[in-house]
Amino acid sequence: MSDFLAWVADQNGSLDLIEPIHVAAYIEYMATIYAPPTVKQHLAAIRMCLDWLVTGQIIASNPAASVRGPKHIVKRGKTPVITADEARQLLDSIDTSTLIGLRDRALIATMLFTFGRVSPVVGMKVDDYYQIGKRSWIRLHEKGGKFHEVPAHHTAVEYLDAYLTAAGHTYAPDSPLYRTARGRSGELTNQPMSRQDALRMVKRRARTAGLSDRVCCHTFRATGITVYLSNGGVIEKAQALAGHESPRTTKLYDRTSDEVSLDEVERILI
């Protein structure tokens, strides 16, 4: 929004004189610099900010309401996906004789079996992994103060329990679940891992397992959804597990059609 207001000021305009044509001109200008998804995000931010100004009675109407962004249709996501066998290969390749190994395996399993984004996962507290009756649950704190609770897969339960027992912070409910390591000492600090810490760890573990260097944290979200759907899961349930607002978003992570396409290509017998 600050970029837009600066642009308006450069055009010798003021806030109360902004009209749809000014917003449209700015969006056309942005389209010469950025890709369509980025331009659409800028437009959405401008709309939200101007809506807030309308609510506060600072301006009479939202001049961005009628402006349309560039068309951008995505039917297949770009997130790299690995197979179920490769995911198992990665998990099995981690040396769990060390506390760091137990932490890394538990972190990857949490992302994989909850379809969780990396930021909510590394932001978990110890008490975000809890038990009700005989069932364990995982609570992820999402954007906007929302939280998403999912039943813990039995494999995730096994890995999390092993990690917590070795780490010894089972009884510190408000402490970070996934903590950074203190140099090469093999000990954990009291500081939570960042998403950058998690990405570096995933890249390192993927290389050790002999997987593609394109594997990233988001790979486990897409892989979990794909494996779930390929084993008879339904898109509506996958949507609920992933915490998506729309099944169309969930469908972007579905790579079950890739194998079908490859089988069809191999029919070209030359």
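**Close-up views of a predicted model**

The protein contains 12 helices and 5 strands. The coordinates are those of a predicted model. Of its 270 residues, 39% are buried. Its accessible surface is about 16,000 Å², and carbon and sulfur atoms account for 53% of that area. Among contacts between residues at least 6 apart in sequence, 54% join residues at least 24 apart.

View 1. Helix α2 covers residues 20-31. Its 12 residues should span 16 Å at 1.5 Å a residue, and this agrees with the 16 Å between its end C-alpha atoms. V23, Y26, I27 and M30 of α2 are buried. These four lie on the same side of α2, because the arc they cover around the axis is only 100°. The exposed residues I21 and E28 are on the face turned away from that buried side. Packing against the buried residues of α2 are α1 (2-10) and α3 (36-55).

View 2. F4, Y26 and Y29 form one aromatic cluster. The whole structure has 4 aromatic pairs. In one of them, Y26 with Y29, the ring centres are 6.3 Å apart and the planes meet at 45°, so the pair is tilted. Y26 and Y29 are 3 residues apart in α2, which means a separation of about one helical turn. Y26 is buried at 2% relative accessible area, whereas Y29 is partly exposed at 40%.

**View 3. The pair F115 and Y228.** The ring centres of F115 and Y228 are 6.2 Å apart, and the pair is edge-to-face because the planes are at 65°; angles over 60 degrees count as such. F115 belongs to the loop between α5 and α6 (118-122) and Y228 to helix α9, so the pair ties together parts 113 residues apart in sequence. The relative accessible area of F115 is 6%, and this residue is buried. Y228, at 24% relative accessibility, is partly exposed.

**View 4. Helix α4 and what covers it.** Helix α4 spans residues 84-93, and its A87, L90 and L91 are buried. They sit on the same side of α4, since they cover an arc of only 95° around the axis. D85 and D92, on the other side of α4, are exposed. The cover over the buried residues of α4 includes α5 (99-114), α7 (154-167), α8 (195-208) and α9 (217-230).

View 5. In soluble globular proteins, nonpolar side chains tend to be buried together. The largest nonpolar core in this model has 42 residues, and L107, Y178 and F220 have the most contacts inside it. At least two residues of this core come from each of α4, α5, α6, β2 (135-141), α7, α8 and α9. The contribution of α5, 9 residues, is the greatest. Beyond its neighbours within four places in sequence, Y178 is in contact with R103, A106, L107, T110, V121, V122, M124, L160, Y163, Q191, P192 and M193. Another core, of 16 residues, lies apart from the largest one and has V23, Y26, M30 and L53 among its members. V23, Y26 and M30 are also among the buried residues of α2 shown in View 1.

Definitions and conventions
Residues numbered from 1 in each chain as written. Predicted model: local features only at pLDDT ≥ 70, side-chain atom pairs only at ≥ 80, totals over all residues. Heavy atoms only, no water. Buried < 20%, exposed > 50% of the residue type's maximum accessible area, 1.4 Å probe, protein only. Arc of directions from axis to C-beta. Contact = heavy atoms within 4.5 Å. Phe/Tyr/Trp six-rings, centres within 6.5 Å; stacked < 30°, edge-to-face > 60°. Expected span 1.5 Å × (residues − 1). Areas by Shrake-Rupley, 256 points an atom, 1.4 Å probe, with all protein chains shown as cover. Core = buried A, V, L, I, M, F, W, Y, C linked by side-chain atoms within 4.5 Å.
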